[in-house]
Amino acid sequence: MARDAQTVREPLEIKQQKRGDLVAEAIKRLITEGNLLPGDRLPREVELQQMFAVSKSTIREALKSLEVQGLIKVSTGPSGGGMVVEVPLDRTFQLMQNYLFFKEVSIDDIYTVRQLLEPELAAGAVPHLTEADFDALEHNMACCSPASHDRRELLRQRQADMDFHDILAAANPNSFLRFTCELVNEMIRQLIVFGNETPRREHEKFGTANVDIHRRITDAARAGDSQRVRELMQVHMQEARTYIKRMNGKLRGRLILDSDIVDMQQRVRSQLATNAPRAPAGDGKRVAKPATKPVVKPAVKPTTKAVGKPSAKPKTPGTKAEAATKTAPARKRRTGSS
C-alpha cells in the first residue's frame, strides 16, 4: 500500500540566522528609530558590543555587511567607526546588473521600459528646470555634436548622450521615477556596445538625430510646454531604438566589477565639476530629531551590563567673547562646504 504523501514528506530545515546578520538587522533598526541621516555616526564598536552582548568580530561582521549594502561607511583609527551614508546609485546599479546577468534582457526590453518612463520623466521635470540646468543641457548638446571623425570619440558621444537624460532626471521631483530612469540610463551607458563593422556614418547620423531632438526638447522645456516635451521624448525613444538596432547594438553580458564602479564615480565627479551642482527638486530633507540616544531593541540576547549615558554636559562659555571665538570656526566650515 502506498504511504500517505504527508507521512513521507521530509521535514523542512529551518536555518538559524547568524549572529552577525541579527546584529546587522538591529543596527538597521537603530538607524530607522533614531532617524539617523547621512553623515550621522553610529555608536563606537565597544558600545555596540555592550549593547548587543556580542564579540568584536561579530560587530565587525555586521558593519561589513551593512557597508557592502551601501548603508554605512566604516573607517578605522581612534575616531573611526560606522557612519550612515546615502546608498550610491553606482552600487545599486552594480547589484541590479549582477541580478540581470542571469536573466534574458534585450535592447528591445530596455527601450520598452524607456519609452514608458522617459516621456513622463521629462515632462515632470519641466516646471523645475533652472538656468543652471539649461546651461548644462546646452553644454551637453555642444559636446555631443558629431563633428569628430575619430571612432572612439563617436562612441564616447553616444555614452555622453545619456547625460542629457540624467540632467532632466535630476530636476524631476518624483524620486522613484528618477531613480528608475537613472538606473536604466547607466545600464545603457555601460552595457550597450556596437560592432566594429558599424559604419562611421551611422554613428554620425545617430549623433545628429540625437542632438536635433535634444534641441527641440530643450526649446519646448524653455517654453514651459510639458506636453510637447512628453511627445518629443516619445518620438526620441522610438528613434533611438531604431538606430541602435540598425547599428547592431548589443548588450554586453558581464558582471559589473568594482573597477567599473570606480570608473563610474570618476565620470560622475567630472560631470559635477563641469555642471553646476544641484539638489534634486522636491526632495525635502527630513528634519533631524534632537540628538537623543535611540532606543534599540536588540535582535540578540541583551547584556546585563548597562551602557552608561554621558553625564557631562557641554560646558557653557564664560563670556560672550569666548562663545564667539568657539562658534566662529563652525560657521566658517559650513560656508566653505556649501
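Trainee: How far is the sulfur of Cys143 from the closest cysteine sulfur?
Mentor: In this predicted model, the distance is 6.4 Å, to the sulfur of Cys144, which is too far for a bond. A disulfide is a pair of cysteine sulfur atoms within 2.5 Å, and by this rule the count is zero.

Trainee: Is Cys144 buried or exposed?
Mentor: Cys144 is buried, with a relative accessible area of 1%, whereas Cys143 is partly exposed at 33%. Buried means under 20% relative accessible area, exposed over 50%, and partly exposed in between, with a 1.4 Å probe and protein chains only.

Trainee: Which residues touch the most other members of the largest nonpolar core?
Mentor: They are Leu168, Ile217 and Val229, in a core of 20 residues. Such a core is a set of buried Ala, Val, Leu, Ile, Met, Phe, Trp, Tyr and Cys residues joined through side-chain atoms within 4.5 Å. Another core, of 19 residues, lies apart from it and includes Leu100 and Phe206.

Trainee: What is Val229 in contact with?
Mentor: Beyond its neighbours within four places in sequence, Val229 contacts Ala122, Ala123, Val126, Ile217, Ala220 and Ala221. Contact means heavy atoms within 4.5 Å.

Trainee: Where does pLDDT stay under 50?
Mentor: That applies to residues 275-338. pLDDT is the predictor's confidence in each residue, from 0 to 100, and its mean for the protein is 76. Where pLDDT is low, the predicted coordinates should not be read in detail.

Trainee: Which conventions apply?
Mentor: Residues are numbered from 1 along each chain as its sequence is written, and side-chain values use heavy atoms, without hydrogens and water. Local features need pLDDT of at least 70, side-chain atom pairs count only at 80 or more, and totals for chains, interfaces and linings use all residues.
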